[in-house]
Amino acid sequence: MLRFEVLHPHDLADAFDMLTQHEGEAKIIAGGQGLMPVLKHRQLTPRQLVNIRNLSDLDYIVDGKDGLRIGALTTHQAVENSAIIKKRWPVLAEMEARLGDIQTRNWGTLVGNVCQASPTGDPAPVLLALGACLKVASNRGERLIALDDFFLDYQKTALKGVEIALEIQVPKQPARSGAAYHKESYRWTDSPIASVAAAVTLDERDRVKGARIFMQAVCPAPIRARQAEDLLAGQQVNNGLLDQVAQATAGVACPISDVYGTAEYKMEMVKVITRQVVSQAIKQAQAA
Amino acid sequence: MTQTSVVLTELPAQLEVVGKGVPRVDALDKVTGKAKYTGDFREQGMLFAKLVRSPHPHANIKNIDVSAALAYPGVKGIVLPEDAPDRRMGYFATCDRQVLPKDGRVRYVGEPIAVVVATTSEIAEEAVALVRVDYEALPAIFDAEEAMSPDCPVAIHPMKHTYSKGSAGGAVQAVPEIPNAASRFKIRKGDVEKGFKEADVIVENRFTVARVGHGRMEKYIADAWMEADGTLVVRRAKKGIWRDKDWLCQLFGLPASKVRVMESYIGGDFGGKGWVAFEGLVALAAMKLKRLVRLESTREEDFHDGTMAPGAVMYIKDGLKKDGTIVARETTMILEGGGYTGGGSGQSALCIHNGILACYNIPNWKSDGYVAYTNNPPTGTLRGVDAPRGSWAAESQMDCDAHALGMDPLEFRLKNVAREGDTCALGQVLQHISPREAIEKAAELIQWGAKSEGDGDWKRGKGLGLANYGVAPMAPSDVLVKVIRDGTIEVRHGTDEVGQGLNTVVAQLAAEEFKIKTDRVKVIFGDTLTAPWDYSSSASRCTWFTGNATVAAARDAKQQLFMLAGKRMGVAAEELDTRDGRVFCKTAPEKSIPFSDLFQYESAIGHGEILGKGYYRYQRQPFDPETGQCANYYPTYPYLAYGVEAAVNTRTGEVRVLKVSAGVDVGQPINIKMIEGQIEGGIVMAIGQSLLEEVMLKNGVHVNANFGTYRMPTVMESPYAANIKVESVGKPDPTGLHGGKPLGEMVLIPFFAALGNAIYDATGVRMTHSPMTRESVFWGLRQHANAH
Ligand SMILES: Cc1cc2nc3c(=O)[nH]c(=O)nc-3n(C[C@H](O)[C@H](O)[C@H](O)COP(=O)(O)OP(=O)(O)OC[C@H]3O[C@@H](n4cnc5c(N)ncnc54)[C@H](O)[C@@H]3O)c2cc1C
């Protein structure tokens with residue numbers, strides 16, 4: 001049996017101390033929706049769990065002039081149902097609505113999901129496409145990590161063991177921007193067979209000024225489709241270009257065959273989804 | 001033919017409780033959480049068992065060293081193969097299973113080798129890891145067709161010629177000439193060669209289907225203990241208290257009076273809660289340690305021990321006349337049985353035909369069904385006992401036939417559909433059947449012929465499927481009905497409430513007899529000390545068997561009641577009837593007496609209550625083993641036709657079931673609400689098994705033994721309830737209980753092909769493997785596009 005001690009810090013400073021004291025042996029637990037299965041399968045065998053769920057100061061959604069900030073204890077459910085997110089960041093609300101089941105969304109946190117860095121996590125590609133950052137802190141102070149630099153490899157992140165992620169920051173998007181995310185999955189709320197997020201900004205003549213495209217579930221960590229983005233740059237999008245963009249996106253995917261499908265099928269799904277989300281993002285930008 | 005059945009004495013219109021949508025008698029208990037399941041029982045000082053399991057698909061056990069495990073604090077004892085009886089058990093066909101591998105060989109990954117008992121299940125689990133087993137690995141085989149090849153180098157049961165047959169083993173045969181064949185069933189009707197010669201068109205196909213699981217909520221759990229007088233008591237989440245009692249007596253050589261078996265409500269069965277292996281293990285532990293021992297599966301273990309439905313390979317060849325008549329059919333069906341088939345799949349050599357053998361009038365029929373041993377986990381019974389598999393092949397083939405002739409699939413089916421007096425593939429004359437009405441109704445409700453429009457990437461199509469199902473003519477049912485002085489009617493039966501609603505049916509039947517409301521009926525079940533003999537809730541037999549016995553017992557009790565009342569009232573018993581807890585005179589209804597007075601009056605001379613007894617049995621003739629012909633194998637033939645409208649995403653291969661129609665021939669329905677409930681539930685289960693679910697094994701190891709990746713449908717994958725239309729079209733079967741016929745398993749059978757046919761209608765892609773996963777549909781669409 002796995003034996004561990006659960007520690008309940010009463011404030012952040014307390015939590016920092018615990019993590020420093022048990023460096024290398026302690027894991028943070030927030031909603032437990034990512035960690036519990038990992039413990040069950042003995043992929044990790046921590047000696048201490050630092051339960052941060054009581055640090056309710058970290059439960060917030062703020063949409064300010066610089067952009068959106070979501071606290072570490074904000075649950076998937078809160079993001080999914082937030083009126084402000086539905087209105088200003090619909091891509092996030094839509095992504096959350098198809099993440100796991102209601103129980104998982106009630107317990108699990110968005111930040112916990114990002115820290116878990118599962119290769120099938122839904123939030124990561126969306127947040128990456130939107131250019132988000134993660135604010136993290138420890139005894140030694142705070143730092144801001146661009147998600148671009150956060151996901152290093154299979155379930156490996158730039159987060160240090162003594163650090164706590166405090167909030168996700170999503171920068172305010174330029175005018176005429178749109179973003180879309182789609183996963184293909186067996187059941188409605190299953191983990192993705194493949195998923196793609198795209199964020200685009202158009203100029204006044206509907207030419208693509210900027211685009212960010214990220215894939216999930218087809219690589220050890222979320223991966224960016226730079227070539228595809230380059231193809232879009234400065235262009236007015238048509239069907240032919242969409243095909244090229246889809247092809248280029250799939251070109252950087254490196255899926256494996258597993259219970260979600262063969263690698264070949266996942267590649268095909270990347271193409272289908274890429275077409276869909278890029279055109280959806282463009283439509284949204286045009287309407288913005 | 002001996003048949004003691006309740007003849008239709010009332011016109012359906014006169015029935016007051018039967019035929020109505022009465023709410024379930026256990027609904028309140030269940031929704032309020034008051035209903036007790038086996039896991040709710042806790043006893044002080046109970047011990048917990050965990051199993052040492054084989055990591056090898058095929059190996060000889062050289063040595064088992066338990067010293068470290070026995071020394072582990074908290075461990076109370078370990079049961080080894082040497083403690084186990086030297087006896088092979090089987091449920092139906094083939095007795096190939098041992099409780100523990102007494103023969104020193106394991107045949108699948110996960111096979112139990114020893115039982116570790118400790119004060120907590122965590123300690124037991126830790127100690128399991130300390131048991132050292134030395135193995136000599138043997139070559140293993142996982143593919144059914146390879147295993148069936150006469151020169152397969154691996155022989156999984158080299159001593160199989162010495163195994164005996166199970167209780168109902170008469171139907172299937174041993175196959176000594178094929179090393180890895182567990183059982184065979186042959187059908188020889190007419191002359192297929194002649195039939196094929198007469199045919200204008202021959203259609204041949206190969207269909208395959210994956211292994212699937214039951215997906216029930218409640219896992220295996222069993223407690224066992226010894227009473228002071230040496231009685232072995234087993235309380236478990238499983239069906240068939242009397243069958244288990246028999247098995248345990250046989251297994252351990254115990255007299256009938258020294259085994260007691262108990263059960264509570266069962267949290268889902270779907271055919272997987274029949275086999276006794278688990279009880280054998282926990283009973284062994286209780287007998288060795290003289291303590292109350294509990295054995296409970298994890299979800300993963302439930303996949304190992306779950307007697308899942310085998311995968312199958314099915315070859316089917318039809319000979320057709322240009323006018324649309326089928327003149328001959330030949331099939332070879334091979335089921336992948338895993339390491340052992342005693343959990344029920346041995347019988348599947350027959351049962352795989354069970355959804356197809358009475359649908360159409362096919363004069364010449366030749367069929368060979370086989371169950372093959374492999375080194376995958378064992379298989380067993382699952383709702384329909386592989387009839388859904390045979391139906392997947394045969395009803396897909398029906399559409400292929402129709403298209404080969406340029407005929408509409410409905411028209412083709414109607415041309416061949418079985419009529420009153422036709423003989424089925426087993427040679428039995430079909431009576432009181434309405435398959436034509438069923439298929440016509442399903443077609444009408446799905447608006448067959450009206451082309452459904454697609455929408456963007458989504459193409460739409462419709463498909464049909466028809467099935468029959470034989471209620472299995474198994475061991476008899478006994479029921480006791482008591483009249484209690486406050487007017488309550490108590491029914492005691494020995495089968496199971498596995499969630500199907502049997503207790504409600506039984507209550508309705510008793511209520512009808514006494515003309516009272518169902519809430520005046522109390523149903524008692526689940527203990528061999530208090531409930532009378534019955535077989536088990538299997539093979540859609542309960543309404544027919546237990547139901548018939550209930551009515552017989554109620555009538556016996558009523559007779560006694562009328563004798564008593566007659567004496568008191570000075571009226572002949574034949575003049576009396578009962579309603580609302582009173583006995584009254586039929587010719588002068590104002591002359592009546594409440595039950596309570598009757599008992600007061602009579603108690604002086606010794607009547608405290610009245611006990612009525614009833615039984616039902618069905619005697620069938622033996623099969624001819626060379627031809628599979630039997631004049632009366634099944635007591636009745638119900639039918640179900642589905643119409644399915646589905647949408648296929650041409651970019652992704654995703655399939656959505658939009659609408660389902662059902663034309664059902666269950667004679668006179670006993671409870672129309674429960675029929676709708678069974679059909680709706682069956683459709684959701686069938687959607688899972690035909691689109692999503694698949695037990696994945698790699699070298700005999702489960703890849704997806706969890707509900708995250710063994711994907712059962714959620715509400716999001718199911719059609720809106722309003723899009724499921726059910727109509728009952730049967731005419732009462734006068735040999736049936738109140739004219740009714742069974743339904744429980746049939747609800748799964750014709751769905752698979754109906755959906756495959758809808759996909760074909762939408763896209764022109766013929767799916768030949770089930771589940772029709774989105775990926776397989778995607779590649780099917782690709783291939784189709786490249787070919788056209
Ligand atoms: C049944 C089920 C279905 C699921 N389906 C999906 C799905 O479809 N899509 C999807 O994307 N995800 C899915 N998940 C995963 C789940 O959404 C996330 O992994 C989970 O929400 C993570 O959040 P949490 O609060 O539960 O984190 P925890 O499980 O508590 O922690 C996860 C990891 O992050 C670390 N961590 C948590 N918070 C912090 C912090 N503030 N700072 C630093 N480290 C931290 C923990 O140490 C741990 O390593 C599913 C999970 C389950 C159980």
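Which residues have the most contacts inside the largest nonpolar core? I started there, keeping in mind that this is a predicted model, where local features need pLDDT of at least 70, side-chain atom pairs count only at pLDDT 80 or more, and totals for chains, interfaces and linings use all residues. Residues are numbered from 1 along each chain as its sequence is written, chains are lettered from A in the order in which they are written, and side-chain values use heavy atoms, without hydrogens and water.

**Cores.** I found B:Leu426, B:Tyr637, B:Tyr642, B:Ile679, B:Phe751 and B:Leu755 at the top of a core of 200 residues. A nonpolar core here is a set of buried Ala, Val, Leu, Ile, Met, Phe, Trp, Tyr and Cys residues joined through side-chain atoms within 4.5 Å; buried means under 20% relative accessible area, exposed over 50%, and partly exposed in between (1.4 Å probe, protein chains only). I then looked up B:Ile679: beyond its neighbours within four places in sequence, its contacts (heavy atoms within 4.5 Å) include B:Tyr642, B:Val664 and B:Leu743. A second, separate core has 52 residues, among them A:Ile85 and A:Val136.

**Interface.** Next I checked where the chains meet: 21 residues of chain A and 25 of chain B take part. Together the chains bury about 2000 Å² (accessible area lost on being put together, 1.4 Å probe, summed over both), 54% of it on carbon and sulfur atoms. B:Arg711, B:Arg774 and B:Glu775 supply 31% of chain B's share.

Lastly, I looked at A:Trp188, which counts as partly exposed because its relative accessibility is 36%.

Conventions
Buried area = accessible area lost by both parts, 1.4 Å probe.
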